[in-house]
Amino acid sequence: MAVTKILARNARLDQAIQYVLNGDKTDHQILTAHQNCDPGREYRQMMDTKRDVGKLDGRQCYHIIQSFKPGEVTPELALEIAKEFAAEYLADYEVVIGTHVDKGHIHSHLVFNSVNAQTGEKYHVTTQEYYRQIRAISDRLCREHGLSVIMEGQPSQTVSYIEWLRQSRDQPTFRSMLEEDLRTAIEDANDLGHFFMLIEHMGWEISHGNRLGFRLRGQERFMYPGRKNPLFAEDGICTAILGNLEEIEAGRRSAVIPRPRYQPYKKHPKYTGLMALYVHYLYVLGKIEKRQYPPRMTPQMKKDVMHSEHYREQFAFLRENGIATQEDIAAFQVRAEETLASLTKQRTILNVKKKKRQKLYTALTDATALAQAKAFYEEGLSGMEAEFFRYMEAASILEQCGIPPDRLMAEKAELYEQLAQINRDIRAARKQLGLCREIQSQQSQMERAIERIEFRERENHIGHRER
């Protein structure tokens, strides 16, 4: 089994060659090979090739890495596979090959000139070509030498070495682990705050923002599964918690079901002030879109036609809140700012409460998330020492606090739910404030645009009558 990746290099070519041929990594350069260039003269020959065709700038070389499953391949076989790969895929390129044995896994490095020695053209690779040629050739050579391959077919994404290593040991990848834990937490959660607590107790850290992010402790980056699967976005999780997980996964139900607020029938009102202005402007934009006016428009009007949905949203906001005058919107803005300040203060209080309890909450999370690691350690499995000591420290903290774990867990779930709700309310209040500011800034612009269009319409009408 081999993981392959290709890297483009703009830095010094001689440094890349030195790294590949490093004697400390290649058993005193025994595990090295050259193609279309001579040992000791690799750099000079590659630069001569560039100089002959006048392509000394830009991309200097490309670097292919083949990483093999630990214990499955010998250094000599890894070098042989790399040489066969270079002979097939890089036949006309100057290539330096080195198999490194300084890590826990054997891996080969192939650095080749960015300029083809025969055609003088620069090398270029696309994502499709990577899977169709580089990955396919590497997998075929592995099969021919009796090695396993990572997966059949042409996957849509590359696999990191850590994820591949977990796959090779029949362990789940970080992403699959996360998705499985998310599904489990969704099935067990009573509400969103309880869901967050369960996920923390499974060992995941949570990033709250426009998208929910998750990462295992020790990982550098957060993963955002809601980007690809709406089930794992905050709205999707809330919907699924209500008992619709099976229907969502089967495709019979959308992860996010917008339900318009029920509005009893009312006689159509006579709009005045700002609402009348918006009704008029939306009517004008609709006529422009249907080309009933001459097509010549200002750039701003063209932009407004394309974003007419945003004006409809602003009008709906005015109608729902009964805002008709500048005084109304100014008063609403003051109330919204007061609400936002109050919500922010409440969130600060909850965060302070959370901070005071953070040591206990972290201990509760560790005790739950590391219980399995403790069991492995007690069974004699190596590599679990740090997790075992962390578990014991967490258990000691919980024992000393004197609060029953069930009560502490209920308190934590309630606090997390309150924080989640306040964060939603703050986002809604900020959106309302943004709409207020937009409406106030756009009023004069809309009035001028309507005046220009109606003036042009009157002129066209008069000209038509005269003809």
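In which sense do strand β1 (residues 2-9) and β3 pair, and over how many bridges? They pair in the antiparallel sense, over 8 bridges. Two strands count as paired if DSSP finds at least two bridges between them.

## Model and overall make-up

This is a predicted model, in which local features need pLDDT of at least 70, side-chain atom pairs count only at pLDDT 80 or more, and totals for chains, interfaces and linings use all residues. Residues are numbered from 1 along each chain as its sequence is written, and side-chain values use heavy atoms, with hydrogens and water left out.

The protein chain holds 15 helices and 7 strands. Helices (H or I, at least four residues) and strands (E, at least two) are DSSP runs, numbered from the N terminus. Of the 467 residues in the protein chain, 41% are buried. Buried means under 20% relative accessible area, exposed means over 50%, and partly exposed lies in between (1.4 Å probe, protein chains only). Among contacts between residues at least 6 apart in sequence, 68% join residues at least 24 apart. A contact means heavy atoms within 4.5 Å.

## The sheet

Five strands form an open sheet in the order β1-β3-β5-β4-β2, with antiparallel pairing. β1 and β2 stand at the edges with a single partner strand each, so one side of each has no neighbour in the sheet. From one strand to the next, the twist averages 15 degrees.

Strand β3 (residues 61-68) is mostly covered, with 8 of its 8 residues buried. Cys61, His63, Ile65 and Ser67 point one way from β3. Tyr62, Ile64, Gln66 and Phe68 point the other way. Towards β5, the pairing is antiparallel over 7 bridges, and Ile64 stands opposite Leu110. β5 also runs antiparallel to β4, joined by 6 bridges. There, Ser108 in β5 is the bridge partner of Thr99.

## Helices on the sheet

α1 lies across β3, β4 and β5 and runs at about 40 degrees to β4. Helix α3 (residues 75-89) packs on the sheet too, touching β2, β3, β4 and β5. The direction of α3 makes about 160 degrees with that of β4. Axes are lines fitted to C-alpha atoms, for helices over the stretch in contact, and angles run from 0 to 180 degrees between N-to-C directions.

## Helix α2

What span should helix α2 (residues 42-53) have at 1.5 Å a residue? Its 12 residues should span 16 Å, and the end C-alpha atoms are 17 Å apart, which agrees. The expected span is 1.5 Å times one less than the number of residues. Just after α2, Gly54 takes a positive phi of about 70 degrees.

The buried residues of α2 are Glu42, Gln45, Met46, Met47, Thr49 and Lys50. Their cover includes α1 (13-20), β2 (32-35), β4 (95-100) and β5 (107-113). α1 and α2 pack at an angle of about 145 degrees, with axes 10 Å apart. Their crossing is right-handed. A crossing is right-handed if the near helix is turned clockwise from the far one by less than a right angle, and left-handed if anticlockwise. Leu13, Asp14 and Ile17 of α1 make the contact with Glu42, Tyr43, Met46, Met47 and Lys50 of α2.

## Helices α12 and α14

Helix α12 (residues 326-369) and helix α14 (residues 385-401) pack at about 130 degrees, with their axes 8 Å apart. That makes α12 oblique to α14. Angles under 35 degrees count as roughly parallel, over 145 as roughly antiparallel, 65 to 115 as roughly perpendicular and the rest as oblique.

This crossing of α12 and α14 is left-handed. Lys359, Leu360, Ala363, Leu364, Asp366 and Ala367 are the α12 side of the contact. They meet Arg390, Tyr391, Ala394, Ile397, Leu398 and Cys401 in α14.

## Loop residues

Most residues other than glycine have a negative phi. Asp27 has a positive phi of about 55 degrees although it is not a glycine. Gln29 also has a positive phi, near 65 degrees. Asp27 is in the loop between α1 and β2, and Gln29 is placed in the loop between α1 and β2 as well. Asp27 is partly exposed at 39% relative accessibility, and Gln29 is partly exposed at 45%.

Ala233 sits in the loop between β7 (213-216) and α8 (234-249). Ala233 is partly exposed, with a relative accessible area of 26%. Arg211 is 22 residues from Ala233 along the chain, and their C-alpha atoms are separated by 6.7 Å.
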